[in-house]
Amino acid sequence: MIIATMSCGHLDIAPSPMILSLIESLDCETAVAHAGGDDTYSTYYQAGAVTHEIVGAAQVDRRGRVNTIALRKRDGGLIRLPGQGGMADVANMHRDYLLYVPRHSVQSLVDDVEIASSARGLLTQNEREPMGYRTGEALVFTDLCVFRLDRSSRELIVIETMPDITQQQIRDATGFPVSFDADCRQIPLPSNDTLDVLRNRIDPLGLRRLEFVSAKERGALIAEILAADRIMVERCIAAQTAGG
């Protein structure tokens with residue numbers, strides 16, 4: 001398996017915890033190779049070599065189209081979002097197209113996105129193979145369920161529900177009529193070992209918590225994470241100093 005941070009062209013990096021201030025230097029130090037954006041695009045994406053890309057989305061509609069450009073407020077104004085980051089160019093190229101929406105709501109799962117910043121247009125094997133792309137899954141993960149972009153209807157269908165979440169809860173929180181796969185199942189609770197890896201090895205600072213809290217709670221949480229990050233940096237500097 002090759003882990004890559006495409007934004008900086010770090011290829012085949014060593015797994016490291018999710019942190020704020022040291023992540024770029026850790027990736028740079030452990031990368032087997034470095035490539036610029038153009039090389040990464042032509043060598044990996046256009047060749048269909050990327051298997052999985054996981055993309056955060058502010059808004060997804062029933063056809064799996066994504067909006068990461070702007071949202072309209074109730075008063076008619078616009079809230080600017082981070083942007084599509086090149087996803088419009090590569091959404092069809094990688095084998096598995098994986099979107100995640102941390103807070104499932106009628107505002108985030110909508111009938112039609114206000115602005116389509118990217119979408120998976122090539123779904124079937126007959127559409128993908130002539131372009132040189134492998135055929136995989138197009139999925140949307142939320143905190144309530146997992147959708148699959150169906151290759152026949154070309155619309156989202158629920159294939160899994162999160163633990164203790166009912167189908168009615170999903171219907172009530174979705175801005176379009178929801179269909180459930182005939183084999184829809186409930187995802188089992190994660191084991192204690194899995195939770196320990198996620199919380200203590202992968203995300204010891206709790207960065208992912210930022211995606212699940214309200215705007216009012218985010219300021220205090222950011223301050224907490226920055227304080228923990230600063231302590232981690234000081235420990236690393238002290239260890240390097242002691243090591244000569």
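Modeller: A polar contact is a pair of N or O atoms within 3.5 Å; within protein, one atom must be able to donate a hydrogen and the other to accept it, and residues adjacent in sequence count only if both atoms are side-chain atoms. The model is a predicted one, in which local features need pLDDT of at least 70 and side-chain atom pairs count only at pLDDT 80 or more, while totals for chains, interfaces and linings use all residues. Residues are numbered from 1 along each chain as its sequence is written, and side-chain values use heavy atoms, with hydrogens and water left out.

Strands (E, at least two residues) and helices (H or I, at least four) are DSSP runs, numbered from the N terminus. A polar atom of the Asn-67 side chain lies 2.8 Å from the backbone oxygen of Ala-70, and one lies 2.9 Å from the backbone nitrogen of Ile-69. Asn-67 has a relative accessible area of 0% and is therefore buried; that term means under 20%, with exposed over 50% and partly exposed in between (1.4 Å probe, protein chains only). Neighbours within four places in sequence aside, Asn-67 has contacts (heavy atoms within 4.5 Å) that include Ala-58, Leu-81 and Val-113.

The nonpolar surroundings come next. A nonpolar core is a set of buried Ala, Val, Leu, Ile, Met, Phe, Trp, Tyr and Cys residues joined through side-chain atoms within 4.5 Å. The largest one has 36 residues, of which Val-60, Phe-147 and Ile-170 touch the most other members. Strands E11 (138-142), E12 and E13 are among the elements that give two or more residues to this core. Apart from it lies another core of six residues, including Ile-19 and Leu-207.

Leu-156, in strand E13 (residues 156-161), counts as buried because its relative accessibility is 6%. Beyond its neighbours within four places in sequence, its contacts include Val-60, Phe-147 and Phe-176.

Rings of Phe, Tyr and Trp (its six-membered ring) pair if their centres lie within 6.5 Å; planes under 30 degrees apart count as stacked, over 60 as edge-to-face and the rest as tilted. By this rule there is one aromatic pair. Phe-147 and Phe-176 form it, tilted, at 6.1 Å centre to centre and 50° between the planes. It links strand E12 (residues 145-149), which holds Phe-147, with the loop between helix H5 (167-172) and strand E14 (180-186), which holds Phe-176, 29 residues apart. Both are buried.
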